[in-house]
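Hi,

Here is the structure I promised to pass on. Have a look at it first, and my notes follow below.

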Amino acid sequence: ESTALNDKDYSVISRDGFIIAKSYTSELLIEQLVKWVEAMGDKHSGYEYINIDGKPRILCYDTSDVTNWVTVVLINPEDLIMDIIPIVRSNSIYLATILIIISIIVAYIISIRVTNPISRLIEGIRRNEEGNFDVIIPEDGDMEFSHLIHTFNQMNRKIKKLINENYESKLREKEATIGALSLQLNPHFLYNTINIINWMAVRNKQKDIS
């Protein structure tokens with residue numbers, strides 16, 4: 001005799017084994033349920049896993065507080081799985097979509113944190129190539145980039161200091177050269193002037209002035 005279950009199959013059985021209501025057509029199944037109710041003891045409500053014709057079934061039961069009748073429903077686990085699979089599939093798609101969006105956002109944030117310091121450093125190097133060593137980059141970002149930018153800033157400060165020292169040294173050297181030339185030029189100019197006066201006096205026969 002068939003024991004196939006439908007979605008709405010149920011039975012209501014008294015504690016003494018009397019069938020109050022049923023939707024099952026299988027007498028063998030009803031007999032098994034009656035025996036189970038008679039042997040349920042102090043159980044009030046819950047669920048159990050049983051075998052019907054060698055197939056696993058979920059037996060859900062609840063006892064009425066008024067009549068003490070037991071309502072029994074048998075559920076095929078495969079039916080539950082078939083109901084759950086679309087939900088799991090739908091939730092999996094939603095979850096995968098959310099994870100992809102989160103991954104893109106995290107990757108974008110990480111990319112910004114990595115590329116921004118590198119872009120500022122590249123721009124600083126380009127300005128150095130143009131001869132501008134006044135570039136000071138904000139030392140923010142991760143520890144590695146912050147250390148790298150700090151080293152770059154220190155290098156620029158030292159180069160600028162060396163340039164200033166070299167400029168001042170060249171300037172002092174030129175000032176010393178000009179001073180030396182001035183010292184050489186002044187006596188020579190004075191000698192030439194006095195010599196011209198001398199010859200003018202000789203030509204005008206001013207021996208005392210000569």
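I58 sits in strand β4, which covers residues 55–63 (strands are DSSP runs of E of at least two residues, helices runs of H or I of at least four, numbered from the N terminus). With a relative accessible area of 11%, I58 is buried (buried is under 20%, exposed over 50%, partly exposed in between, with a 1.4 Å probe and protein chains only). This is a predicted model, where local features need pLDDT of at least 70 and side-chain atom pairs pLDDT 80 or more, while totals for chains, interfaces and linings use all residues. Residues are numbered from 1 along each chain as its sequence is written, and side-chain values use heavy atoms, leaving out hydrogens and water.

Beyond four places in sequence, I58 touches residues including Y47, Y49 and P77 (contact means heavy atoms within 4.5 Å). P77 is 19 residues from I58 along the chain, yet their C-alpha atoms are 6.7 Å apart.

Y47 and Y49 form an edge-to-face aromatic pair, 6.2 Å centre to centre with 90° between the planes (Phe, Tyr or six-membered Trp ring centres within 6.5 Å; planes under 30 degrees apart are stacked, over 60 edge-to-face, the rest tilted). Y47 is exposed at 55%, and Y49 is exposed at 62%.

The largest nonpolar core has 16 residues, and V72 is one of those touching the most other members (a core is a set of buried Ala, Val, Leu, Ile, Met, Phe, Trp, Tyr and Cys residues joined through side-chain atoms within 4.5 Å). Helix α1 (27–38) is among its suppliers, and gives the most, 6 residues.

Best wishes
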